[in-house]
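Subject: Structure handover

Hi,

Here is the structure I promised to pass on. My notes on it follow below.

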Amino acid sequence: MTTPLDAASLVLEVLSWVGLIIGVPLLIGGYVRRLAFSGWTETMAVIVSRQPIPDAPGDDSSAAHVFRWLGTDGHLYELPADTEETAHLEEGDDVTVFVNPRRPDQARTDPAHREGHLLRLLGYIFLGVGVLSVVLSIVIAVVE
């Protein structure tokens with residue numbers, strides 16, 4: 001006859017396998033993604049001009065900001081400032097950007113160390129469920 005502990009043991013076994021099999025690759029992927037973006041350097045950029053967006057109506061309010069920064073190689077780089085962090089800035093305002101040292105023409109306004117954060121968070125959740133299920137399975141085996 002099946003007891004409630006047998007049913008719980010079966011459910012915990014499935015949860016432990018699912019948690020461990022999904023959690024470990026998510027954690028590895030999150031840390032690899034973080035490592036890939038770990039060398040970006042912080043620098044200051046300035047909003048210097050507005051350029052009209054192609055195919056936009058002739059209204060000036062639809063123009064995008066452009067920010068420029070000086071790379072470590074001495075060249076001046078520019079990108080459209082179309083992120084949430086730069087939407088409220090006006091010409092002449094400073095903005096902190098993070099620049100890829102291998103490709104100084106790549107910049108972002110959000111910190112690069114946050115890359116892979118969601119993967120790591122989900123990995124820890126799944127791994128925690130898996131480890132907790134293993135521990136509870138062992139406790140049930142001892143109790144029986």
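Two helices and five strands make up the secondary structure of the protein chain. Their order along the sequence is α-β-β-β-β-β-α. This is a predicted model. Its average pLDDT is 83, and 89% of the residues score at least 70. Please note residues 56-63, where pLDDT stays under 50. For that stretch the model has six contacts beyond four places in sequence.

The protein chain has 144 residues, and 28% of them are buried. Take the contacts between residues at least 6 apart in sequence: 64% of these join residues at least 24 apart.

Now the core. The largest nonpolar core has eleven residues. They are A45, I47, F67, W69, Y77, A81, L89, V95, V97, V99 and A107. Which elements give two or more residues to this core? They are strand 1 (41-51), strand 2 (64-70), strand 3 (76-81) and strand 4 (94-99). Strand 4 gives the most, with three residues.

Y77 belongs to this core. Leaving aside neighbours within four places in sequence, Y77 is in contact with F67, R68, W69, G71, P104 and D105.

On to the aromatics. The count comes to three aromatic pairs. One of them is F37 with W40: the ring centres are 5.7 Å apart and the planes are at 35 degrees, so this pair is tilted. F37 and W40 are both buried. Another is F67 with W69: here the centres are 5.8 Å apart and the planes are at 35 degrees, so this pair is tilted too. F67 and W69 are buried as well. Ring pairs also link F67, W69 and Y77 into a cluster. F67, W69 and Y77 are listed in the nonpolar core too.

Two arginines sit over ring faces. R108 lies over the face of W40, at 5.5 Å from the ring centre. R120 lies over the face of Y31, also at 5.5 Å from the ring centre. W40 is the buried partner of F37 mentioned above.

R120 brings us to helix 2. Helix 2 has 27 residues. From its first C-alpha to its last it reaches 39 Å, close to the 39 Å expected at 1.5 Å a residue. Which residues of helix 2 are buried? They are R120, G123, G130, S133, S137 and I140. Helix 1 (4-36) is part of what covers them.

Last, a loop residue. T109 is found between strand 5 (107-108) and helix 2 (117-143). Is T109 buried or exposed? Its relative accessibility is 10%, so T109 counts as buried; the cut-off for buried is under 20%. Not counting residues up to four places away in sequence, T109 touches F67, T83, E85, T86, V95, T96, V97 and F98. Among these, F67, V95 and V97 are listed in the nonpolar core.

Best wishes

Technical notes: Residues numbered from 1 in each chain as written. Predicted model: local features only at pLDDT ≥ 70, side-chain atom pairs only at ≥ 80, totals over all residues. Heavy atoms only, no water. pLDDT = per-residue confidence, 0-100. Contact = heavy atoms within 4.5 Å. Helix = DSSP H or I, 4+ residues; strand = E, 2+ residues; numbered from the N terminus. Buried < 20%, exposed > 50% of the residue type's maximum accessible area, 1.4 Å probe, protein only. Expected span 1.5 Å × (residues − 1). Core = buried A, V, L, I, M, F, W, Y, C linked by side-chain atoms within 4.5 Å. Phe/Tyr/Trp six-rings, centres within 6.5 Å; stacked < 30°, edge-to-face > 60°. Lys NZ or Arg CZ within 6 Å of the ring centre and 35° of its normal.
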